[in-house]
Every structure is written in structure tokens, then in C-alpha cells.
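Please have the sequence and the structure open as you read.

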Amino acid sequence: MTSLVITTAAETADHASQIEAIHAAAFGPGRYARAAFRIREGGPHDMSLSRVALCGDEVIASVWMTPVVIGGAPALLLGPLAVAPSHMNLGIGRKILRESMALAKAAGHHLVVLVGDEPYYGPLGFAPVLPHGLFRFPAPVDQNRVLAAELTPDALNGVGGDVRHANRFSAPRATT
């Protein structure tokens, strides 16, 4: 029996076409209408925090971290997390997600949010946002699927409002 040798690495621009193919297989053309995609249209994800899983030179999974602002609070938007159909249910997605979260924490980030399924993301440290506040996305989102992981204690306290790419945020101007 041959075992798969799977490695993980920081995402690079060379991985882009393979990642796009995985996203297309995982989410189909409807991905462009999703709220998280609409946010990512505002600017790039942070490759220094994003990870890929490789089998040889083939990208078999990826996770992105995108800088966002929620109301006025900085955060990261996790996703998409996608695994090639040929390598699903092997724990690869969870592995690269954990690595990405550790990198985000080490880089001084405090909060990571996503739109996803609590049964999958809950064991990885994510909990529903709804009891804390309302996050408004640029497209309809089931608020019960908005999850957050606090990388530092109480990072979610007082956070709420519009979620947008950090490139599209401008702090309120001081009035004199």
C-alpha cells in the first residue's frame, strides 16, 4: 500500500491556477455571488497567512485569509477553505486551517470570521457571532452561519456592523 506524502506551504502566486480549479470544483459558478466572494473583490487575500497542501507539486487544498474591517474593527475573513475532491475527508483542510490560524495569531491578529457550518468549524475554535452582534455582509448571509474565532481573549466584544475588505475601509475623519 502506498501512502500519500502531503506537505503544506505558504501560498505563492504560482499556485493560483490550481487553487482556482479547486474552488471551481468545490463551489461551482455560484461562488461569485456569495457574500465572502463579494468582500474578496475589494482586494487581495494575505498570502503570508494563507496555506496550501501539496501532493508533490499538485495543490490539493488551500485556505485564504483576507484582511477585513467589521464596523471599525480589524479582523480576518477565513475562506474559502477548499480541498480537491480526490483528497477530501483526510483531515487536510483542518490541518491547513490550523496552520493559517497559528500564523494569524503569531502575526498579531485578534479575530477571524467566516461564513460556514458550525459542526465543521466549531471544533477548530469557531463559535456563532449572533449572540454578540450582527455582522452585515454585502450579500445575503444566514446570520446563524457567521462564525468567529477569537485569537485573543474578548476580541469579539463590541464588534459588529458592516464587513468589508480592509482596502475599502476608511476611518471616520476627525471633525474640528
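Predicted model: local features only at pLDDT ≥ 70, side-chain atom pairs only at ≥ 80, totals over all residues.

Residues are numbered from 1 along each chain as its sequence is written, and side-chain values use heavy atoms, with hydrogens and water left out.

**Salt bridges**

- The whole structure holds 4 salt bridges. The term means a side-chain nitrogen of Lys or Arg within 4 Å of a carboxyl oxygen of Asp or Glu.
- R51 and E99 form one of them, at 2.8 Å from N to O. This pair links distant parts of the chain: R51 sits in strand β2 (residues 51-55) and E99 in helix α3 (residues 92-106), 48 residues apart. Helices (H or I, at least four residues) and strands (E, at least two) are DSSP runs, numbered from the N terminus.
- R51 counts as buried because its relative accessibility is 13%. E99 is buried too, at 19%. Buried means under 20% relative accessible area, exposed over 50%, and partly exposed in between (1.4 Å probe, protein chains only).
- D117 and R145 form a salt bridge at 3.0 Å, N to O. The two residues are 28 apart and join distant parts of the chain: D117 is in the loop between β5 (111-115) and α4 (118-121), R145 in the loop between β7 (135-136) and β8 (146-150).
- D117 is partly exposed, with a relative accessible area of 42%. R145 is partly exposed as well, at 33%.
- R136 and D162 meet in a salt bridge at 2.9 Å, N to O. R136 belongs to strand β7 and D162 to strand β9 (residues 161-165), so their pairing ties together parts 26 residues apart in sequence.
- R136 has 43% relative accessibility and therefore counts as partly exposed. D162 is partly exposed at 36%.
- Shared partners join R51, K95 and E99 into one network of salt bridges.

- T66 lies in strand β3 (residues 58-70). T66 counts as buried because its relative accessibility is 0%.
- What does T66 contact, leaving aside its neighbours within four places in sequence? The partners are R40, P44, H45, D46, A75, L76, L77 and H165. Contact here means heavy atoms within 4.5 Å.
- F135 is in strand β7. Its relative accessible area is 0%, so F135 is buried.
- Leaving aside neighbours within four places in sequence, F135 touches several residues, including I70, V113, V129, L156 and V163.
- F135 and G72 are 63 residues apart in sequence, and their C-alpha atoms are 12 Å apart in space.

**Aromatic pairs**

- The count comes to 2 aromatic pairs. Rings of Phe, Tyr and Trp (its six-membered ring) pair if their centres lie within 6.5 Å; planes under 30 degrees apart count as stacked, over 60 as edge-to-face and the rest as tilted.
- Y120 and Y121 pair edge-to-face, with 4.8 Å centre to centre and 75° between the planes.
- Y120 is partly exposed at 25% relative accessibility, while Y121 is buried, with a relative accessible area of 12%.
- The ring centres of Y121 and F126 are 5.9 Å apart and their planes meet at 75°, so this pair is edge-to-face. Both Y121 and F126 are buried.
- Y120, Y121 and F126 form one aromatic cluster.
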